[in-house]
Amino acid sequence: MRPPTAERGRQEVPVQFGVSEATAGAAGLSLNVTAFPPGGSSAAHLHRSFETAIYAVRGAVELFYGERLERSVVVEQGDFCFVPPGVAHRAFNLSEHEPALFVTARNDPTEQENVVLTPEADDGSANERVAGTRRRRALEGAAGEPEAAVLDRAVDDLTRRFRAALDPPGHAGVDVDAEPLRAALEEPLP
């Protein structure tokens, strides 16, 4: 089979419907490729009576799940994820610049017929929580910068700002030692 053209699934994301009852006569499974556009997300939904297995090919999503989407997990390149039958979930691409690509398998050969939208599970708080995850990931060095370098740069920036805000003109150039600040940042929180 050649991969079909992507269509918009009931979950409101582009899906290439690969192997299914309709495309290959499958009797017990479906296998698809799901693409999340930059900054994109699925609608809250569940798969009635069927299990879902996901493999992250490229990118990362935060998958919110549960009766009120109260729990979440980040699924990124190389990760596998399992969603039990009947569990409401909604996925958000964590990148605002790159698409995220996933292979999805279900023990449901009809694929979309058992997708049930669950808007009642989504109170909108997942939007705020994913924004926080995106900010944290950016601070952790999404550009591949080691965490220590990010902290050092933040400490140096704070030092510069303190100097500019607090140094009276007669004390300009007084050195501020950033080592105690770095040490405090590296200590575990109580």
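The model is predicted: local features need pLDDT of at least 70, side-chain atom pairs count only at pLDDT 80 or more, and totals for chains, interfaces and linings use all residues. Residues are numbered from 1 along each chain as its sequence is written, and side-chain values use heavy atoms, with hydrogens and water left out.

**Overall make-up**

- The protein has four helices and eleven strands; helices (H or I, at least four residues) and strands (E, at least two) are DSSP runs, numbered from the N terminus.
- Of its 190 residues, 33% count as buried; buried means under 20% relative accessible area, exposed over 50%, and partly exposed in between, with a 1.4 Å probe and protein chains only.
- The accessible surface comes to about 11500 Å², and 56% of that belongs to carbon and sulfur atoms; the areas come from the Shrake-Rupley method with a 1.4 Å probe, and for residues only the protein chains shown count as cover.
- Among contacts in the protein with a separation of 6 or more, 69% are between residues 24 or more positions apart; contact means heavy atoms within 4.5 Å.

**Salt bridges**

- Side chains of opposite charge can pair when their charged atoms come close.
- A salt bridge is a side-chain nitrogen of Lys or Arg within 4 Å of a carboxyl oxygen of Asp or Glu, and the count by this rule is four.
- One of them joins arginine 71 to glutamate 70, with the closest N and O atoms 3.2 Å apart.
- Arginine 71 is partly exposed because its relative accessibility is 42%, and glutamate 70 is partly exposed at 39%.
- Another salt bridge is formed by the side chains of glutamate 76 and arginine 137, at 3.3 Å from N to O.
- Glutamate 76 belongs to strand S7 (residues 71-76) and arginine 137 to helix H2 (residues 125-139), so this pair ties together parts that are 61 residues apart in sequence.
- Glutamate 76 has a relative accessible area of 34% and is therefore partly exposed; arginine 137, at 28%, also counts as partly exposed.
- The side chains of aspartate 122 and arginine 90 meet in a salt bridge as well, at 2.5 Å from N to O.
- That pair links distant parts of the chain, 32 residues apart: aspartate 122 is in the loop between strand S11 (115-117) and H2, and arginine 90 is in strand S9 (residues 89-93).
- Aspartate 122 is partly exposed with a relative accessible area of 22%, whereas arginine 90 counts as buried at 12%.

**Aromatic pairs**

- A pair of aromatic rings is described by the distance of the centres and the angle of the planes.
- Rings of Phe, Tyr and Trp (its six-membered ring) pair if their centres lie within 6.5 Å; planes under 30 degrees apart count as stacked, over 60 as edge-to-face and the rest as tilted.
- Three aromatic pairs are counted by this rule.
- One of them, between tyrosine 55 and phenylalanine 80, is tilted, with 4.8 Å centre to centre and 50 degrees between the planes.
- Tyrosine 55 lies in strand S5 (residues 52-58) and phenylalanine 80 in strand S8 (residues 80-83), so the pair ties together parts 25 residues apart in sequence.
- Tyrosine 55 is partly exposed at 31% relative accessibility, while phenylalanine 80 is exposed at 70%.
- Phenylalanine 64 and phenylalanine 92 form an edge-to-face pair, at 5.6 Å centre to centre and 85 degrees between the planes.
- Phenylalanine 64 is in strand S6 (residues 60-65) and phenylalanine 92 in strand S9, 28 residues apart, and the pair links distant parts of the chain.
- Both phenylalanine 64 and phenylalanine 92 are buried.

- Glutamate 12 is not a glycine, yet has a positive phi of about 70 degrees.
- Glutamate 12 sits in the loop between strand S1 (7-8) and strand S2 (14-19) and is partly exposed at 42% relative accessibility.
- Serine 49, also not a glycine, has a positive phi of about 65 degrees.
- Serine 49 is found in the loop between strand S4 (45-47) and S5 and counts as exposed at 56% relative accessibility.

**Alanine 91**

- Alanine 91 lies in strand S9 and is buried at 6% relative accessibility.
- From alanine 91 to phenylalanine 64 the separation is 27 residues in sequence and 6.2 Å in space, C-alpha to C-alpha.
- Apart from neighbours within four places in sequence, alanine 91 is in contact with Phe36, Gly40, Ser41, Ser42, Val61, Glu62 and Leu63.
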